[in-house]
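Hi,

Here is the structure I said I would pass on. Have a look at it first, and then read my notes below.

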Amino acid sequence: MPRATVAGESDEAARTVGTKCFAVGTCVGPGAPVASSVNVKSLRTSAATAMLLAALAGCSTSPPPVDGAGGSAPLKSYARVEMPEMAGERVDGKGRFSLKALRGKVVVVNAWASWCGPCRAEAPGLSRVHEELRGKGLRVVGVNADVSGGKARAFEKDAELLYPSLHDPQGRQLLRLPKGVVNTAGYPFTIIVDPEGRIAAARIGAIDETELKRLVVPLLPA
């Protein structure tokens with residue numbers, strides 16, 4: 001089951017050969033960055049059955065996220081740590097992106113790839129939250145792992161994303177994340193950054209609108 005961790009608190013088949021999708025709602029594809037997180041072990045344990053199914057069926061994916069389905073994901077407490085800078089060219093080619101430029105905003109950082117079924121399923125909800133809460137100080141940004149910029153741009157167009165994404169084909173930006181926050185080898189995952197630039201919450205696997213709002217609304221200015 002996908003896990004959400006909060007600081008301060010106690011589909012569609014994959015499109016690329018070599019992609020594996022697990023029951024926890026994440027996909028690992030060709031060229032995925034080496035994981036920097038201790039969550040790799042728990043991910044493998046939780047997905048053991050799905051791995052067997054994937055070997056038979058080629059790829060097993062989780063269903064699209066449904067608001068409120070199954071209740072809240074388990075929470076894990078950890079001290080807030082600073083979110084590292086992530087900067088580089090945007091997927092859409094419209095200049096460069098810098099996470100630090102959004103300091104003072106609540107930022108939802110979503111890691112995705114075009115070959116990831118759960119990523120495609122959650123994208124419309126991320127766009128809706130971005131638009132709904134933009135005026136209140138929230139921004140959604142993506143970090144894309146595709147080697148091919150063309151495939152990443154096609155995903156943005158098909159999904160009608162309303163937020164920008166940083167192109168990170170080597171996974172170097174994601175490997176800057178503090179150890180233990182997420183498993184950077186699996187997609188999607190989402191990190192919530194507070195206005196002070198600290199990691200407030202992390203979600204492994206697809207996130208629905210209800211859970212996302214529950215995590216970000218308390219961080220927005222009154």
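Before the rest, a word on what you're looking at. This is a predicted model, in which local features need pLDDT of at least 70 and side-chain atom pairs count only at pLDDT 80 or more, while totals for chains, interfaces and linings use all residues. Residues are numbered from 1 along each chain as its sequence is written, and side-chain values use heavy atoms, with hydrogens and water left out.

Back to K151, then. K151 sits in helix α4; helices (H or I, at least four residues) and strands (E, at least two) are DSSP runs, numbered from the N terminus. With a relative accessible area of 49%, K151 is partly exposed (buried means under 20% relative accessible area, exposed over 50%, partly exposed in between, using a 1.4 Å probe and protein chains only). In sequence K151 is 60 residues from V91, yet C-alpha to C-alpha the two are 9.8 Å apart in space.

Now the rest of α4. Its buried residues are G149, A152, F155, E156 and A159. Looking down the axis of α4, you'd see those buried residues within an arc of 120 degrees, so they line one face of the helix (the arc is that of the directions from the helix axis to the C-beta atoms). K157 and D158 are exposed on the other side of α4. What do the buried residues of α4 pack against? The partners are β6 (106-112), α3, β7 (138-144) and β8 (165-167).

That brings us to helix packing. Two packed helices are described by the angle between their axes and the distance between the axes. Axes here are lines fitted to C-alpha atoms, for helices over the stretch in contact, and angles run from 0 to 180 degrees between N-to-C directions.

Take α3 (residues 117-133) and α4 (residues 149-159): their axes come within 10 Å and cross at roughly 45 degrees. α3 and α4 are therefore oblique to each other (angles under 35 degrees count as roughly parallel, over 145 as roughly antiparallel, 65 to 115 as roughly perpendicular and the rest as oblique). Their crossing is right-handed, meaning that the near helix is turned clockwise from the far one by less than a right angle, with anticlockwise being left-handed. On the α3 side, C119, R120 and A123 meet F155, D158 and A159 of α4. That contact divides into 4 nonpolar, no polar and 2 charged residues (Ala, Val, Leu, Ile, Met, Phe, Trp, Tyr, Cys and Pro count as nonpolar, Asp, Glu, Lys and Arg as charged, and the others, Gly among them, as polar).

α3 also packs with α5 (residues 209-216), at an angle of about 40 degrees and with the axes 10 Å apart. That makes α3 oblique to α5, and the crossing is right-handed. Here G125, L126, R128, V129, E132 and L133 of α3 meet E209, L212, K213 and V216 of α5.

Last, two residues in α3. H130 lies in this helix and is buried, at 1% relative accessible area. Leaving aside neighbours within four places in sequence, H130 is in contact with L138, R139, V140, L162 and Y163.

Cheers

Methods:
Contact means heavy atoms within 4.5 Å.
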